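We'll walk through it one region at a time.

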Amino acid sequence: MDQYRVFGNPIAQSKSPFIHQQFALSTKQVLNYRAQLAQDDTFLAEVESLIKNNGKGANVTAPFKELAYQLCDHLSERAQMAGAVNTLLFNTDGIYGDTTDGLGLVSDLKRHAVGISEKRVLLLGAGGAAKGVVQALLDEKPSKLVIANRTLSKAETIVSQYNIDNFSACTFEQANEQIFDIIINATSAGLSQQALPIAEHIISKAGACYDMVYGKTPTPFLQTAKQLNVNHVIDGLGMLVGQAAESFMLWRNVMPDVEPVLKLLRAEINGNQS
Ligand code: NDP
């Protein structure tokens, strides 16, 4: 049977095996997808072993996305720009690497009827998650894309890789002096329920606020957006399922329906799965 894995550390919490098993069932694909814990010094050997044992592909999550990038023989353009991959495809040409997080984010925004074209977009954070979605956001032709980060130099480094006029970096304070249609939180602040120094007046003027973090309780950023009656307040669960769907498509050449899986996961997170 075709074998797939998600490598990470930690990995026990990963929802990817559930998501891909559901995709396989709904598309009638026969495959085996499992979570596999790896270490820095075992990751390469684990990938090689998977390839030898009928491995067709893998997902890669923290902290191995950059390491996985280095072992690819071929890369998508967006993976090259991100310097990291979350999806590996094994074929006769070797290892192909792609990053599907950006497609997952954009497809989730579209699912919520939030278009990016001609919109002013603020991306908060300059870590791996932010890097991974920049190309997909730019592909949608926003009127401007601004990255704000606590450590400004990291945001500036990302922007310097692209030679695009309407793409810039700034501090949170400078972001508070502008107006945006869409604000996307790609920081990890919400994981520990920390608030960001983003002023209420810019949140209230946005039509959509998105946080890549998801959970039973909305992040402080999304709570503020809800209180300020922002039209679209969205967490990152749909992005998670969306990026998985794009990986599945790359491996199996069939696009699974994200809605049923999203419903099941939402119910599980809210603790009311029947
Ligand atoms: P990194 O550790 O690479 O980056 C963390 C980012 O958050 C940095 O920009 C950091 O700023 C910023 N940050 C952390 N705490 C604070 C704070 N208190 N105030 C302001 N900024 C803060 O993490 P990733 O980029 O890999 O992941 C970010 C988040 O996105 C994670 O929570 C992850 O779970 C989520 N994610 C969700 C996905 C999904 O499918 N829904 C996919 C990928 C990621 P600085 O540079 O100054 O340290």
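The second largest pocket holds about 160 Å³ of space. Keep in mind that this is a predicted model. If you're wondering how such a gap gets found, rolling a probe the size of a water molecule over the atoms shows where empty space is left. Which residues sit closest to the centre of this pocket? They are Pro218, Leu222, Lys226, Asp235 and Arg266, out of 14 residues that make up the lining.

Now look at where that lining comes from. Helix H10, spanning 220-227, and strand S12, spanning 232-235, are the elements that give it two or more residues. Of the elements, S12 gives the most, with three residues. Sort the lining by class and you get six nonpolar, four polar and four charged residues.

Start with threonine 151, where a polar side-chain atom lies 2.5 Å from an oxygen atom of the ligand. Lysine 154 also faces a ligand oxygen, with a side-chain N or O atom 2.7 Å away from it. How much of the ligand's surface does the protein bury? On its own, the ligand would expose 930 Å², and the protein buries 76% of that.

Finally, let's turn to a sheet. Six strands build it, in the order S2-S1-S3-S5-S6-S4; the sheet is open and its pairing is mixed. Why do S2 and S4 each have a side without a neighbour in the sheet? Strand S2 (31-37) and strand S4 (74-75) stand at the edges with a single partner strand each, so one side of each has nothing beside it in the sheet.

Further in, have a look at one pair of strands. S3, residues 55-60, and S5, residues 87-91, run antiparallel and are joined by three bridges. To find your place in this pair, pick alanine 58, which stands opposite leucine 88 in S5.

Conventions. Residues are numbered from 1 along each chain as its sequence is written. This is a predicted model: local features need pLDDT of at least 70, side-chain atom pairs count only at pLDDT 80 or more; totals for chains, interfaces and linings use all residues. Side-chain values use heavy atoms; hydrogens and water are left out. A polar contact is a pair of N or O atoms within 3.5 Å; within protein, one must be able to donate a hydrogen and the other to accept it, and residues adjacent in sequence count only if both atoms are side-chain atoms. Accessible areas come from the Shrake-Rupley method with a 1.4 Å probe; for residues, only the protein chains shown count as cover. On a 1 Å grid over the protein atoms alone, a cavity is a set of points where a 1.4 Å probe fits but cannot get out, and a pocket is an open set with protein on both sides within 12 Å along at least five of seven lines; lining residues have an atom within 4 Å of a point. Grid points are joined across faces, edges and corners, and a volume is the space filled by probe spheres set on the points. Helices (H or I, at least four residues) and strands (E, at least two) are DSSP runs, numbered from the N terminus. Ala, Val, Leu, Ile, Met, Phe, Trp, Tyr, Cys and Pro count as nonpolar, Asp, Glu, Lys and Arg as charged, and the others, Gly among them, as polar. Two strands pair if DSSP finds at least two bridges between them.
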